[in-house]
Every structure is written in C-alpha cells, then in structure tokens.
Amino acid sequence: MIITVPGDKSVTQRALIFAAIAEGPSRLRGLLPGADPVSTADALKALGAEVPALAVQEGETVVRGRGLRGLSAPDGPLDLGNSGTGARLLVGVLAGQPLRAVITGDASLSRRPMARVTRPLSRMGARFRFLLDEDRLPLEIQGGALRPLTYELPVASAQVKSSLILAGVVGGVSVLLSEPGRSRDHSERMLAAMGAVVRSGRSGECWRVELRDPPGRLEPLDLVVPGDLSSAAFLIVLALLGGAGRELSVRGVGLNPTRTGMLPVLERMGARLVVEAEAEQAGEPVGTITARAGELRATEIGAADVVAAIDEIPILSVAAARAHGTTRITGAGELRHKETDRIRALALNLRAVGAEAEELPDGLEIQGGDHPLSGTVDSLGDHRIAMAFGVLGALPGNDIRVRGGETVDVSFPDFWTRLAQLSLP
C-alpha cells in the first residue's frame, strides 16, 4: 500500500513565520492545517501579517510578508495554544521589533520553560517579564534594537537556535552559536532559500551555527512542504510490527538528515526499511520510505540518537515494547520538557497496559514481549503519546483505549481514520 502523510509541522510553522517577515508574497503548498500551525497563523495575523486560512491538500496559501521589522503591535495577547515552536520562534522575531507584545498558551505550553530563549535574547538587548510564574508563559516582550550574540546552548535545541537566529536576522546583527550536538536545521535551509547566509559545521565536539552577515531583506518563499517524517513514523512502526499488512510505502516524506535519526535506530532493531530519495524542495530532501513487517530486537538508544530522533522516542518505545529483549533509552532528559513529561507518560502508560517499563532519570528501560496488551492509557494532552499508544492498540491481539485522543489534531488531524483504515484485516 502507498500512502502520504500531512505536511511537516516544523517546516509549516517556520514557513509561516519566515514568510510573514519576508518582502512580497510567499506561495506555500502542502502546509499542515493542524492546531499548532493554525495558532501560529492566528498570532501572525494579530501582528499585521496577511495570512489567509491554511489551504489543505494541494491547495496554495499566499502569505504577504511585512518585511523584517514591519510587524505591528497586537491588540491583545498572542495565544499560541500548544505550539512550542510557534511561541519560541516568535519570541525571537519580536525581540527585534520596536513593539510590546504578550505571548501566552494553553496549560501544557505554559508548563514548558521559556528562559532558555529569553536569557540569551536578553543579552542581545531585548526585555522580558514573566507575568505569572518565572520561566513560564505568559511572557511580556519589549523588542527593539539588538546587539550581536555569541552563545553556547547548554542543550541542542532547534527551537532555541532558530529563535536566536531569527532575532539576528530581524535585528540585523550577527549571531554565533554552538550546540553540544547537531539539532534540526530547517531554519538554516529555509533562510538560505530566502537569501540569507547561515553557516554551520562541526567545531571540535560542538556544532557551530553562524549568522555573520544578516541580510537586509528576506526573499519570499515558493515552497512545497514535505510530508512529516515524525507523523509517518507512527505508521511506519505500525507496518514493521505487522499492523498494516505486509508492506507500506510512505511517499513524499521529508528526508532531512537532521530528522531521520529514527531510521538507523529501527535498522539496528532489525527493521526492514527501504529509503529512496527523490527530490528537494527549498533545500529539504524528499522521498519514499517503505516498511516491511518482521521481527524486531532490542537496542541501546543513547544521547546522540535522542537528539536526532527527539520526537520519535514515543513510537520507538512502542517498538521496543514489541521487540525481543530489553531496550534502554538514556540521554533523553529533554523529553521531560515536551508537551508533557514524556518519559513518565511512556513508563506509566506502558505499565498500565501490561508492558514492562522502568522510568530512568533520563530515559526508559523497556522489556519487549509478544503477549497481548490491554487497558486504558491517558494521552495527558500530548499528541505523540496518543498516537504511539494508538499504534500499540491497533496491533493484532491488543485492546488499548486512549483517553484524550483528540489531541492528535495538533499534528495529524485524521490520524485515527488513517489508523483504522490501515489496520483493517
């Protein structure tokens, strides 16, 4: 069977934000019309950008940018809902705008740390005030003239890196960053397509990213958003575990090398995968991934794997629960700061359905097995937890109910329909 998946959430969010500060109309196709991008689009509209309703499927969305410093002060707080990417990247954009704004979000987003972006941005000259709890939304931003920044990120983070680079672009100042590992590079690729020069490469044990000569303007985008590999991951694992027939191909999916870290982990587990690169869109490689059903074995998943597959750890944990042997995941402490504490959520929910899982300070230890699993799990408002256990419940012999399953609308609006169709005998 050949399928496609919704547009990449990370690329969609960046395309909307970058298009809003470009000069001229950007033509965007394949956008994800999920809850997170819609929240980001609404915030951009409140800032004066011309962003129409997000087109679905093959439709085109034309965003008319306001230029690097052309956004206007909003009439009220900017509610980013559950979108951590939207919130953190907009903080960087607003840091260089001569205006005041307040960013807020839902209960889940309001539990996620924000000082990791406000601290370095304060060094650039932006001013911030946490309105309720320190390091948490809602956050008041007073933007303006910025200074150059040289900064070492304590944790590799594409969101923090992108926020700081955006501040440099909008503020017209250089930004030199180093990360302990290489994080996703969608922002660097997209900025290059818009005429900005962002250099990156390994320097000793660190990964350096440099915006040395900020552009005076950003060219508009002409972009087809690739299918989201993080969404495809759930259906790929479903197929590998025999829940979608003998073979499944996902076409038009993004193959950015900073996003494909899940694939070598699955291959170490014995997964039968074929990856075919086919094209490139605005610097983003695209292709087809084919998964064939077969037995999986346990593996070790370390810090380097986690950086490269941070959003896929929930579904890799499900694969581990059905593999032969004990899988150990370490170096994953960042998962405690996602939409929920994903380490705890995975351990509790796996045990709730009869799997063996031990919570570690920075990861998990999961004993695989083939006995039937049953029970009720709680998504805790986290779309990736909901989808991971949806896949586990769709496997033959299992009977698992997911509370809060509607949260999948954040990234994969028709996930439950697709899952039911693929799981038909």
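The model is a predicted one, in which local features need pLDDT of at least 70, side-chain atom pairs count only at pLDDT 80 or more, and totals for chains, interfaces and linings use all residues. Residues are numbered from 1 along each chain as its sequence is written, and side-chain values use heavy atoms, with hydrogens and water left out.

**Helix α2**

- Helices here are DSSP runs of H or I with at least four residues, strands are runs of E with at least two, and both are numbered from the N terminus.
- Helix α2 covers residues 35-46, and its end C-alpha atoms lie 17 Å apart. That agrees with the 16 Å that its 12 residues should span at 1.5 Å a residue, where the expected span is 1.5 Å times one less than the number of residues.
- Which residues of α2 are buried? They are D36, P37, S39, T40, A41, A43 and L44. Buried means under 20% relative accessible area, exposed means over 50%, and partly exposed is in between, with a 1.4 Å probe and protein chains only.
- As a reminder, an α-helix has 3.6 residues a turn, so residues three or four places apart point the same way.
- The buried residues of α2 pack against α1 (9-20), β4 (78-79) and α3 (84-95).

**How α1 meets α2**

- On the α1 side, K9, T12, Q13, L16, I17 and A20 make the contact, and on the α2 side D36, P37, T40, A41 and L44 do. Contact means heavy atoms within 4.5 Å.

- L47 sits in the loop between α2 and β3 (60-66), and at 0% relative accessibility L47 counts as buried.
- Leaving aside residues up to four places away in sequence, L47 touches R66, L71, S72, P74, L78, L90 and L94.
- From L47 to G76 is 29 residues in sequence and 9.9 Å in space, C-alpha to C-alpha.

**Salt bridges**

- How many salt bridges does the structure hold? There are 35, each being a side-chain nitrogen of Lys or Arg within 4 Å of a carboxyl oxygen of Asp or Glu.
- R217 and E23 form a salt bridge, with their closest N and O atoms 3.2 Å apart. This pair links distant parts of the chain, 194 residues apart: R217 is in the loop between β11 (206-211) and β12 (222-224), and E23 is in strand β2 (residues 23-29).
- R217 is partly exposed at 33% relative accessible area, and E23 is partly exposed at 36%.
- D311 and R184 form another salt bridge, their closest N and O atoms being 2.7 Å apart. D311 lies in the loop between α9 (303-308) and α10 (313-321), while R184 lies 127 residues away in the loop between β9 (175-179) and α6 (186-193).
- Here D311 is buried at 9%, and R184 is buried at 11%.
- R184 and D311 also belong to a network of salt bridges that links R112, K338, E339, R342, D382 and R384 with them.
- R189 and D185 meet in a salt bridge at 3.0 Å, N to O, and D185 is buried at 8%.
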